[in-house]
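The sequence and structure are shown first.

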Amino acid sequence: MRYIFALWAAPMALFWGWFYLSLNDMNFGYVMLSRQLHDFVFQLYGQMLGIDPVTIPGMVAKACVFDGFLLMALWAFRRRREIAGWIKQRSAGPVPFERMRGVTEAGPKLPAE
């Protein structure tokens, strides 16, 4: 499962890293990170898709969030027994006395009190 997450996260990091650097024209001397190439790429995609190029980053962000939720759902489905056991353990019984005492006791008295 970690390979699936890595294969998903690596292109996202590359794309969003390029997007941020090229949007702010932090090119470090590379044409690929220039604002001119950024505008050209999104203009080209906008013409190919027949939409306004300004909407493309938002569409990509929505797709990334959807893919992230899809991967989390896949991970949760694979770990459903462990998750169910954890939920059952958390809601099973009363809180142990030692744990409750640690939360409800007043704590150390300060000299000024």
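## Packing of helix α2

The buried residues of α2 pack against α1 (2–23) and α3 (56–78), where contact means heavy atoms within 4.5 Å. Helices (H or I, at least four residues) are DSSP runs, numbered from the N terminus. The model is predicted: local features need pLDDT of at least 70, side-chain atom pairs count only at pLDDT 80 or more, and totals for chains, interfaces and linings use all residues. Residues are numbered from 1 along each chain as its sequence is written, and side-chain values use heavy atoms, with hydrogens and water left out.

H38, F42 and G46 are the buried residues of α2. They lie on the same side of α2 because they cover an arc of only 60° around the axis, the arc being that of the directions from the helix axis to the C-beta atoms. Q36, F40, Q47 and M48 are exposed on the other side of α2. Buried means under 20% relative accessible area, exposed over 50% and partly exposed in between (1.4 Å probe, protein chains only).

## Helix dimensions

Helix α2 comprises 15 residues (35–49) and reaches 21 Å from its first C-alpha to its last, close to the expected 21 Å. The expected span is 1.5 Å times one less than the number of residues. Just after α2, G50 adopts a positive phi of about 75°.

Helix α4 (residues 80–92) reaches 17 Å, close to the 18 Å expected. Among its 13 residues the count of buried residues is zero, and α4 is hardly covered.

## Annotated spans

An unreviewed UniProt entry lists residues 5–23 and 54–77 under "transmembrane region"; such annotations may be inferred rather than shown by experiment. Residues 5–23 are 100% helix, with end C-alpha atoms 26 Å apart. Residues 54–77 are 92% helix, and their end C-alpha atoms lie 36 Å apart.

Technical notes. Helices (H or I, at least four residues) and strands (E, at least two) are DSSP runs, numbered from the N terminus.
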